[in-house]
Amino acid sequence: MVAGVLLEKQVVVVCPNLGLLSAAVLSLVPLIRPFQWQSLLLPILPARMLDFLDAPVPFIVGIQQKFADLKMKTSNLVQVKICHLPTLPRHKELVAKLGPIHARLSREASIAKRHPVYRCNEVQLHSEFLNVMRCYLESLCSDLRSHTITSVQSNNDRVSLLLKDSFIDSFSSRDRPFVKLFVDTQLFTVLSDSRLSSFENGYS
């Protein structure tokens with residue numbers, strides 16, 4: 001699902017519980033920081049608006065149940081169980097770091113269900129989870145400056161340009177299929193343009 005969001009695919013989350021559904025959809029926004037979702041996000045899509053799924057744009061939406069006619073509209077959608085997207089770069093390292101946090105979260109949730117008055121550390125664990133994700137995603141674009149050229153124009157304006165091919169080649173061959181698609185997304189473009197602008201202004 002994270003790969004689908006980062007590659008700006010059409011992502012549909014299905015859950016009968018309205019609270020869980022909206023929470024799951026909205027949780028994807030902080031999960032991809034420092035990147036910012038640039039397209040449509042609807043925590044709950046009413047049944048009468050299913051035609052919205054035909055929109056030729058990236059989106060993240062939540063629906064309460066999988067309607068029969070939804071199958072006719074899912075040719076371009078990300079289905080988490082049957083996903084054919086490139087693997088996230090260094091995904092094994094990411095899973096190794098998130099695994100222990102996820103296990104602790106599961107234990108805390110299990111204890112809380114059995115003992116309603118139990119004061120768990122979920123907030124702290126959620127924070128740790130998000131910090132690991134942010135550090136991981138930051139690492140994907142931490143070397144932008146090494147693949148940037150900056151020229152000074154006649155009016156002394158500085159213009160920076162990201163050498164995409166050079167940037168893609170800096171990843172292992174195993175990770176390049178994802179990166180090739182990622183560098184063409186609005187998510188990546190907005191963040192890289194911001195970083196390149198800081199280079200032009202002399203910031204590291």
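Predicted model: local features only at pLDDT ≥ 70, side-chain atom pairs only at ≥ 80, totals over all residues.
Residues are numbered from 1 along each chain as its sequence is written, and side-chain values use heavy atoms, with hydrogens and water left out.

The secondary structure of the chain comes to seven helices and six strands, where helices (H or I, at least four residues) and strands (E, at least two) are DSSP runs numbered from the N terminus. Read from the N terminus on, the elements follow the order α-β-α-β-β-β-α-α-β-β-α-α-α. Of the 204 residues in the chain, 34% are buried; buried means under 20% relative accessible area, exposed means over 50%, and partly exposed lies in between, with a 1.4 Å probe and protein chains only.

The structure holds three salt bridges, a salt bridge being a side-chain nitrogen of Lys or Arg within 4 Å of a carboxyl oxygen of Asp or Glu. In one of them Glu 128 pairs with Arg 104, and the closest N and O atoms are 3.4 Å apart. Because Glu 128 belongs to helix 4 (residues 122-140) and Arg 104 to helix 3 (residues 91-114), this pair ties together parts that are 24 residues apart in sequence. Glu 128 is partly exposed, with a relative accessible area of 24%, and Arg 104 also counts as partly exposed, at 31% relative accessibility.

Another salt bridge joins the side chains of Glu 138 and Arg 195, at 3.3 Å from N to O. It links distant parts of the chain, since Glu 138 sits in helix 4 and Arg 195 in helix 7 (residues 186-200), 57 residues apart. Glu 138 is partly exposed at a relative accessible area of 24%, and Arg 195 is likewise partly exposed, with a value of 24%.

In a further salt bridge the side chains of Asp 184 and Lys 164 meet at 3.2 Å, N to O. Asp 184 lies in the loop between helix 6 and helix 7, and Lys 164 lies in helix 5 (residues 164-169), so this pair ties together parts that are 20 residues apart in sequence. Asp 184 counts as exposed, at 58% relative accessibility, whereas Lys 164 is partly exposed, at 33%.

A search of the whole structure finds one cavity of 30 Å³ or more, a cavity being, on a 1 Å grid over the protein atoms alone, a set of points where a 1.4 Å probe fits but cannot get out, with lining residues having an atom within 4 Å of a point. The largest cavity holds about 30 Å³ of space, and its lining consists of Pro 89, Leu 140, Phe 167, Phe 171, Phe 178, Val 179 and Phe 182. Helix 6 (residues 176-182) gives the largest share of that lining, three residues. By class, the lining has seven nonpolar residues, no polar ones and no charged ones, where Ala, Val, Leu, Ile, Met, Phe, Trp, Tyr, Cys and Pro count as nonpolar, Asp, Glu, Lys and Arg as charged, and the others, Gly among them, as polar.

Ile 149 is found in strand 5 (residues 148-152) and counts as partly exposed, at 45% relative accessibility.

Notes: 1 Å grid on protein atoms, 1.4 Å probe; cavity = no way out; pocket = protein on both sides within 12 Å on 5 of 7 lines; lining within 4 Å. Points joined across faces, edges and corners; volume = space filled by probe spheres on them.
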